[in-house]
Amino acid sequence: MANIFPRGSNLLPIKLVICGMVLVPAVTGAMWYYFTPKYTRVGYQPAQPVPFPHDIHAGQLGMDCRYCHSFVEVAAHSNVPTTQVCMNCHAQVQKENPKLAPLWESWKTGKSIEWVQIHKTPDYVYFNHSAHVNRGVSCVSCHGRVDKMAVVYHAEPQSMDWCLECHRHPEQALRPLDQITNLGWSPPLAGDQSRADAQEALGLQLKKDWKINPPDMNCAGCHR
Amino acid sequence: MKRIFQHPEEPATGKKYWRSLGQLSGTPEFKGWLEREFPQGAAEFNGGDVSRRSFLQLMGASMALAGLSFAGCRRPEKHLVPFTRGVEWSIPGKALFFATSYPTRKGAAPLVVATYDGRPTKIEGNPAHPVSKGATDLLAQASILDLYDPDRSRFFLEKGKPSDTATFEKALDELIKGAGDGTGLAFLLEDHASPTRERLRGLIAQKLPKATWTVYEPLGSDLADEADGVAFGEGLAAAPTIEKADVILALDHDFLGTDGDVAASRAFSSRRKVEGPDSKMNRLYAVETRYTITGGIADHRLRLPASQIGGFAAALAVEIGAAAKDAGLDALARAAKFATASFDPQWVKELAADLVASKGKSLVLAGPRQPAAVQVVVAAINAALGNIGQTVTGRKVSEKPAQSLVQLARDLADKKVKTLVIIGGNPVYNAPADLDWANLQAGVPTVVRVGHYEDESSVNATWHVPLAHYLESWGDGRASDGSYVSVQPMILPLYGGWSDLDVLAKFAGLPKPTGPELVRETFAAVAKPADFVTAWAKFLHDGFLEASAALPEALTFNAAAATKLVTAGTAPAAPANGSAPAAPANDSYEVVFIACPKVDDGRFNNNGWLQEVPDPITKLTWDNAALISPKTAKKLGVETDERGTADIIEISVEKRTIQIPVLVSPGHADGSISIALGYGRTSVGRIGGGTGVNAYQLRTTTAPYFAVGASVRVTGKRHQLAITQEHGVLEGRGADLTREATLGEYKESRDDKTYFKTMGMDAHAPKNVSLYTNPPLNTAESIDPHAWGMTVDLNTCTGCSACMVACQAENNIPIVGKRQVIDGREMHWIRTDRYFASEGDKDLDDPELVSQPMMCQHCENAPCETVCPVNATVHSQDGLNVMAYNRCIGTRYCANNCPFKVRRFNFFDYNERKLTELRKWNLISERGMEDSLKLGKNPNVTVRMRGVMEKCTFCVQRIQEAKIATKVAERDSGKVRIPADAFTSACAQVCPTGAITFGDINNPESAVSKVRVSERGYRLLEYLNVNSRVTYLARIRNPNMKMPGTEKIGAAMKSHHGHSEKHEAAGATGGGH
């Protein structure tokens, strides 16, 4: 009986195995990276109806984050300012700037400005801003150096893994309560201490004093 | 090492606990409910035409199609839309609380309503008001769903054609201009004690003096008012002070349920909080037709047809007259013409003796819908017992009397009425059948109907106007203690509806109010404040005017007037010839029209929460039925089988006929048929359509409560009922689940701290030894010092089921529809298990009753957690058994392993799909929730989707909110402990009797940690070593040892108690441990 398969096919199984060994990790790795927020969200930088430059307001002018995001310390949701808040200044400042046309439009018609949402948690995640900013976590930990962004973008992945990293090691983010909105703050360095060491030392102290105990194993801390 | 528990054979004698007659006879259906989490069929695919195989093929194809476009992978662009101008007090995402009240015929219920971003989402009782003290009943809880009901009336209709508010206002102005002195103008309203409405009524009477004012409530207290007027004088009403009474007799009076309010429940239970062997408690006797929750909690209960209650009252009056040597009472009782009642004379004798023994501290209550003569006799009994001024106090009636519906019907028949204004109510549906209201109303030239729904009464109306919900309108009212309460809107009318005050203001010649101006004026007149602005602000803030409760009035019993009423035979039950109405005879039955604890008089018929919450006693959902006793069922040859299929009978009363399925209900009086009103609506929304049978068709002006002489025919047809009594049955029997003792036994056990902890299997099972150690949970010294726990006091739980609706509202629990309930898929996180108890197989006709709320027990050694393959259900350090919905893949292993059967699975997308189309194939059926329903959801709780397991979370959203609030307030101080009892779970908050306590068991200050250590405390299925966080407190009955049949109560748990009978061998084990 003639051979059905050619001689070359004897090596086929081993070829398949080797191919598989390369392909499967490659596909897995690609999924791992490209299908996670690290790739899909970081850098998301949509155009806003009014090109509000955070670098000028929060950076150059030194306005506090809480001037506009006024309820961040009391509510779960950090609010976007009402048109009225913008008008507090812009009724006088840069009145003629054409970029502010949508603002005037909104002020006259009473119709809200539709800001494009950049940071968004899924429906089943109950993130609370007030729980963080009142307990030593700065805006910068999750939103990056907004005071240096001309157009705000998604700076951190904000995936669950990323959240848990900090919930397991809160000392890496804790700082004095009066420095929460100071995005450029760095811990005082003693001698030739590195910044990371200084942060760690301070963070551990604060964690102990304030009884910082973020939910790291309790699903219900964030999912209800 | 698996330990298999062989439950000891139940002794042939001694008390048995059972849920259904099917359980007693051990039907295969019951075994199915017991042994499987999801009984036969419930876990099957049930996809209609699509088999599992073809489903997989179709799914494969659709996955391939989905793969073709990756557009779905990108996150859609969402917008943040702030206000243009900030709104006072409003913080996005934070709740604001407003005090208001819910107007009902029993008095306005004081409430505090949570609103998120302008949307009311949850109703709670007003904790500052003495009537509510934070509690509500289930109707007030569910009333928020009516606000968002997508079937609500949305449009102004002129002769059935869409119109608008401006056209209506113009037409109304024309109407009022042509009204002259009001001749031919008639108002028909519901019974709300609103001072502003009364004020407008006065203004209308000045402007339109000939206009008539009628108030009609199908379940109103007209007869009680009449009786009080006769017995104590016009303008006075008797009000019981239940908390002062040592011995209470409820004669067909469901004062803990449909006939009472939360204040009555609290007053009663305040005397039943038994702690320590020296404690005293009140004693309740109940004489009633069907089992009510009042009868369920009673220490002694006698079942008697409603028509014989009068006879019983007379017999009792004779006994008391003799015992108290009161000749007047004796004469009055003997003069009364009541049907002879048949009962054990010893029963009434001992009852009389007990009442007389606690003279001045006893209380007899008569059902408010019993004939006035019966109520007058009861007033006489109270007078003879010296209770007047002690446990019965007087109160002035604040409203002027209104015309009766019968008089209005006469005017309509005589064509005297040209314009009929109906505000609220639904007379076409619920007026007595002999009035033939539909035809009368059709004969009126102009009918202006202001209603919540386009219902039966709107069909032929000239104008239909959407009535604003009470959460949408300004108003006021009087609570049941007579205090002045506010009604304030949380939201503008969703569909531009008018409130009753808006319409009446127009008739009073005032402009349509745009705000609270009418109420402000009334408030100024009622409160006469020195500083109006401050007083008004305080009134709205508190929700009521301080110290405005009605002052007690002295009552004097008018024996002469009472005798006149009783001898005149004005009792509607008495036929015209004056002879006593016949007792239910052999083939003649009595039909009792009962108030439904769920849909009330029919107004909540389209409320899905109330349709689906099981009746507290019968556990019937989505229907009403003719309740009959097992004996009567046998005589008729009808049954309700284990799957809930019921025989349909035809009931005829004076040529009026209805066909209705029967529901055999233990504890019902023989020869009597009870039918809940409020079902069988013909013009109602999608929820209420097709539910139940309209019993108003049998109800006449002469027999508003019960009709005698009914004949019954078995039709041979059958109807499927959705009854939940066998759903979620637990392994373990009797004392494993509910434990009880008499007060005497409790006192005897004073030295034995383990008395209640060693009953049932717990008396036999060897001590638990754990081979494994759990990760440590929080202790009082931990950084997070909290540990959550709950107690449920079976001694004060009446089974009213308000907790079930409160939980549904708080936790976004969907309704599933009748078909799904039949399959055992109802989603309630907390259910109320109702057990009957009887001596062996005897007394099935007259069992005792225990209600037991059952929710996730948050076991520290939770069986559900160990079987989850994806760690979707895990334990938190503060002792919660938490569910991560986004992790759950729906294997349902956890539910199968839960000994308490408290886990609920989303078999379908109940939130997104129409209940009638649940079985349609997923990809082709319409999805999406009605917009209005979305507004009412709690924003702090995930709305679950298909394929996800869920269960009680101990209101984890409230726990987290409290934790965060504490941390936000304390910031860097390090005081992270939540103050004791700073918040509570939804079920504990709503409970009118305070039976449920929730809180931090690590905090010695908290209420729960104090209740938890009670001697009455026990945990369910302790022998399984699940180590649950919920402690039940055993029920204590306080029987009168001289009563006939008491020995049965006394013998209650003895057979289940380890101390009297040891079954060491029975605690068998399945291996060497």
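Residues are numbered from 1 along each chain as its sequence is written, and chains are lettered from A in the order in which they are written. As the model is predicted, local features need pLDDT of at least 70 and side-chain atom pairs count only at pLDDT 80 or more, while totals for chains, interfaces and linings use all residues.

Chain B has 32 helices and 40 strands; here helices (H or I, at least four residues) and strands (E, at least two) are DSSP runs, numbered from the N terminus. Of its 1073 residues, 54% count as buried. A residue is called buried if 20 or more other C-beta atoms lie within 10 Å of its own, exposed if 12 or fewer, and partly exposed in between, with C-beta atoms placed from the backbone. Two residues are in contact if their C-beta atoms, again placed from the backbone, lie within 7 Å. Looking at contacts in chain B with a separation of 6 or more, 76% come from residues 24 or more positions apart.

Next comes a barrel. Six strands of chain B close into it in the order β21-β26-β23-β25-β24-β27, with mixed pairing; two strands pair if DSSP finds at least two bridges between them. Within it, β23 (residues 626–628) and β25 (residues 656–664) of chain B run parallel and are joined by three bridges. A626(B) stands opposite V662(B) in β25(B).

Further along sits Q820(B), placed in helix α25 (residues 818–822) of chain B. Q820(B) counts as buried because 21 other C-beta atoms lie within 10 Å. Setting aside neighbours within four places in sequence, Q820(B) is in contact with R825(B) and L918(B). Although Q820(B) and L918(B) are 98 residues apart along the chain, their C-alpha atoms are separated by 9.4 Å.

That leaves the meeting of the two chains, to which chain B brings 38 residues and chain A 40 residues. On the chain B side, β2 (79–80) and α29 (956–970) each supply at least two residues, and α29(B) gives the most, with six. By class, this side has 17 nonpolar, 13 polar and eight charged residues, where Ala, Val, Leu, Ile, Met, Phe, Trp, Tyr, Cys and Pro count as nonpolar, Asp, Glu, Lys and Arg as charged, and the others, Gly among them, as polar. Strand β1 (residues 115–116) of chain A and β2(B) run antiparallel, joined by two bridges, and L80(B) is the bridge partner of W115(A).

As for α29(B), its 15 residues should span 21 Å at 1.5 Å a residue, which agrees with end C-alpha atoms 21 Å apart. Its buried residues include V956(B), I959(B) and I964(B). The buried residues of α29(B) pack against α7 (129–133) of chain A together with β30 (788–793) and β34 (881–883) of chain B.

Terms used:
Expected span 1.5 Å × (residues − 1).
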